[in-house]
Amino acid sequence: MIKRLIIAVLLLAIAVGGVVGFNKFRDQAITDFFANRPTPALPVDTVVAEAGPWTPTLEAIGTIYSRRGIDLAFETGGVVREIGFEANDRVEKGQMLVRIDDEIQQADLAAAQASLHLAQQTLERAESLGNRGITATASIEEAEAAANSALAQMQRIEAILDQKVLEAPFAGEIGIPEIEVGQFVTVGSTVATLQDTDMLRVDFSLPEQELAQIDIGQSVTLAGESGTTGSGIITAIEPRIDPATRLVKVRAELENEDKVFRPGQFVRVRVTLPDMENVVALPQTAVVTSLYGDYVYSVVPAENSTQEEPQLMAKQIFVQTGSRQDNLVEIVEGVSAGDRIVVAGQNRLSNGLPVKLSGAEASEASPDPAPEPEADEDSDTNAFIGAGRAAEATE
């Protein structure tokens, strides 16, 4: 009985040891199989870097304002008697816009004019008598002072009457009226906005390191969110850099005869810098940004490449970028003319990984060698494991 038990334990140990050993052998064989299997070349899209003319630009965000634009308001209070405009009217300089009730001031003006007339007549009689030596000089001076006082009083009332009439200070387009006839208004009440939209200005800010590249008279282009475009010139540069943001304020002016832009509109501003020659520019999709800097992948011959069997690999190159324009970016350092740069498929690449050109690019470059038939990875693995299991069953 003990002998049978020992034999059974030995057989069980041998069976378990065989299974464990075979599993380790199988796992190691599978690891060696995939380790020795060549890495398949990944298809990528590329472009050949070329040197050519380049117009560098500086980009910023700006806001449009009227060159002359104000909110019209009253200098005095009263009841509105007349409104001489409608929304979006074109008004001329000096045009009457709003008239406030001025009946009391008109009556005061009539009284002041009568007082002035009387004072002037008194002065004339006093001067006449003085010339004949009948009246004293003091009487003439008193009459002259009374006449001047009456004149000043009349001018004061006329000034108050002028405040009762709101006139356009300059020609432009007036906005929506914010008052109605019969409404009582107080000092400072807003009537409407008046904007001269024929000439606009745009204010934007640039970093202080770009201050040396701009100057008064440089051209700028504007682009609105609705697709509107325009151009202007820089007319002013703030002499002081904001110490909080390290930005400098810049102002440009542009003509707006076709009314494509409106005051208060958000625009993208692009300052055009002098043209440059022999600049390498790449699509922005070619540049990858990382914590260590910007880099691109260049397609170069692999180390084991031969003339009979040419092979390509990806080479990581760190670059220094410059200005951007449309979908292109200036490459200041790192890429030379003639380098073949990857523009699509970088997310699967690493330095030294085999690659192959896709599409028409493969025919433009050196042709790839005829690929050997590759078995499906899963099929090879399943076949290998199946063969091991068959051997185990035979044992």
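Which residues of α3 are buried? The buried residues are Ile-140, Ala-143, Ala-147, Ala-150, Met-154, Ile-157 and Leu-161, where buried means under 20% relative accessible area with a 1.4 Å probe and protein chains only, exposed means over 50%, and partly exposed lies in between.

This is a predicted model, in which local features need pLDDT of at least 70, side-chain atom pairs count only at pLDDT 80 or more, and totals for chains, interfaces and linings use all residues. Residues are numbered from 1 along each chain as its sequence is written, and side-chain values use heavy atoms, with hydrogens and water left out.

**Helix α3**

Helices (H or I, at least four residues) and strands (E, at least two) are DSSP runs, numbered from the N terminus. Helix α3 covers residues 137-163; its 27 residues should span 39 Å at 1.5 Å a residue, which agrees with the 40 Å between its end C-alpha atoms. The expected span is 1.5 Å times one less than the number of residues. The buried residues of α3 pack against α2 (103-131) and β7 (165-167). An α-helix has 3.6 residues a turn, so residues three or four places apart point the same way.

**Nonpolar cores**

A nonpolar core is a set of buried Ala, Val, Leu, Ile, Met, Phe, Trp, Tyr and Cys residues joined through side-chain atoms within 4.5 Å. The largest has 20 residues, of which Val-202, Phe-204, Leu-206 and Val-271 touch the most other members. At least two residues of this core come from each of β3 (57-73), β10 (190-207), β11 (219-224), β13 (247-255) and β14 (266-272). Another core, of 17 residues, lies apart from it and includes Leu-166, Ile-174, Ile-179 and Val-191.

With contact taken as heavy atoms within 4.5 Å, and residues up to four places away in sequence not counted, Leu-206 touches Leu-58, Glu-59, Ala-60, Ile-214, Arg-246, Leu-247, Val-248 and Val-250.

**Strand β14**

The covered face of β14 holds Val-267, Val-269 and Val-271, while Phe-266, Arg-268, Arg-270 and Thr-272 form the uncovered one. In a regular strand the side chains alternate between the two faces of the sheet. Two strands pair if DSSP finds at least two bridges between them; the pairings of β14 with β3 and β11 are tabulated below.

| Strands | Sense | Bridges |
|---|---|---|
| β3 and β14 | antiparallel | 7 bridges |
| β11 and β14 | antiparallel | 5 bridges |

Thr-57 has Thr-272 in β14 as its bridge partner, and Ala-223 stands opposite Arg-268 in β14.
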